[in-house]
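This report looks at a predicted model.

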There are 2 protein chains.
Amino acid sequence: MARTAASRADLLPVLAEVFREHGYEGASLALIGQRTGLGKGSLYHFFPGGKAEMAACVLAAIDAWFEDAMFRPLREDPDAKAAIRTMLATTDTYFRSGNRICLVGVLALGEARDRFAERIDGYFAAWRDALAAALVRAGLNSAEAVGRAEDAVAMIQGNLVAARALRDPALFGRGLTRLETRLLAACGSSDGGRR
Amino acid sequence: MARTAASRADLLPVLAEVFREHGYEGASLALIGQRTGLGKGSLYHFFPGGKAEMAACVLAAIDAWFEDAMFRPLREDPDAKAAIRTMLATTDTYFRSGNRICLVGVLALGEARDRFAERIDGYFAAWRDALAAALVRAGLNSAEAVGRAEDAVAMIQGNLVAARALRDPALFGRGLTRLETRLLAACGSSDGGRR
DNA sequence: GTCTATAAAGCGATAGAC
DNA sequence: GTCTATCGCTTTATAGAC
């Protein structure tokens, strides 16, 4: 971290990683200070609301990133099946093939859930709805698409939990591969011979 | 909570619930004291090792309960498909149809993971292996069974995360139903996953 | 076996110098 | 914009009365 003229935007990725690794309660200001290289004074200069504001900003940044990289393409890409494949590949990259966990999931299970309930709810709902929209464009009826999308989001989160619990990051990739097979098979073969 | 002559065994269910609701770090001794009706002195009388010992005992009790109610039947019941159906019904009951979350999953994602790594690992591995054993007895080959079991455990955990995140407990039941359909269909076809 | 009182450390947050 | 010092509170854990 730069020792001077840091900006909120520069801090967010570091903050995100600290919250991911230690949870909301576990990420103490002392630890955040170490990881950012900033003292408490500087941190409160950028985030007058303290830790709660830091976490809220991190969540907003994550939301924006996912919306841009995954949710909008899922909703809008003319080639729905390609968008689904891309989403799964991006998911694998984002979670570093199972070596990273989902901050939103961590917050959802932790004590700070109520404080960030809207953001957490919004993130999961947006992922499910965007994927369902892609599945509908790929030919599924609405009810089937929502069910499959719900399954897929749960599958991703569950594999992150299991990979962490079993200390087996590769489990995440195996799960994603099976998920891709299942999702694309459900769309049927009317895809013009792609893949 | 009885005000006198309490025993460790009486305390464990209450402790489990507090850890589930607030996580390891969030479950302060003050809160535990409130919920058990015991002062700190009494708590340290029963658990000289403090909070860490409380959580370890709770995890051991959970392990034993799952082994008895789910894992052993999965491994030993002559009717493997019935054992799988029972396991899923028991899972729904245990997690109160999505209103309860999994303490082991919470710990796996939280900061206290390393401290309880063996127990957490053991719980997930035992569930996966017991289900895989049932699937093998139901006719699947070993590799297919392990993959399906891995998927199923992740599915359950992921649905708990999603149900909590979306504040929609019913999501858990929907996921379990789809999981049951998928698992039994895999056994039902007499090719046994050998195609 | 249960309690209150208290120690020692860490927490989030603030004040004010530079 | 960054720092150090410090406040007030909560934490885990212990000591000792009953």
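**Surroundings of DNA strand C**

In this predicted model, DNA strand C is surrounded by 19 residues, of which the closest are A:Ser28, A:Leu29, A:Gly50, B:Gly39 and B:Gly41. The elements giving two or more residues to this surface are helix 2 (29-36), helix 3 (40-46) and helix 4 of chain A, together with helix 3 (40-46) of chain B.

Helix 3 of chain B supplies the largest share of the surface near DNA strand C, with 4 residues. By class, the surface near DNA strand C comprises 7 nonpolar, 8 polar and 4 charged residues.

**Contact between chains A and B**

Chain A and chain B each bring 36 residues to their contact. On the side of chain A that touches chain B, two or more residues come from each of helix 1 (8-26), helix 6 (103-109), helix 7, helix 8 (142-165) and helix 9 (170-187) of chain A, and the largest share, 14 residues, belongs to helix 8 of chain A. The residues on this side of chain A divide into 17 nonpolar, 10 polar and 9 charged.

**Helices 4 and 7 of chain A**

Helix 4 (residues 50-76) and helix 7 (residues 117-137) of chain A have axes that come within 9 Å and cross at roughly 10°; because angles under 35 degrees count as roughly parallel, helix 4 of chain A is roughly parallel to helix 7 of chain A.

Among the residues that meet are A:Leu59, A:Phe66 and A:Phe71 in helix 4 of chain A, and A:Tyr123, A:Trp127 and A:Leu131 in helix 7 of chain A. By class, the contact of these two helices has 11 nonpolar, 1 polar and 4 charged residues.

Terms used: Residues numbered from 1 in each chain as written. Chains lettered and ligands numbered in written order. Predicted model: local features only at pLDDT ≥ 70, side-chain atom pairs only at ≥ 80, totals over all residues. Axes fitted to C-alpha atoms, helices over the stretch in contact; angles between N-to-C directions. Parallel < 35°, antiparallel > 145°, perpendicular 65-115°, else oblique. Contact = placed C-beta atoms within 7 Å. Nonpolar A, V, L, I, M, F, W, Y, C, P; charged D, E, K, R; others polar. Near = placed C-beta within 6 Å.
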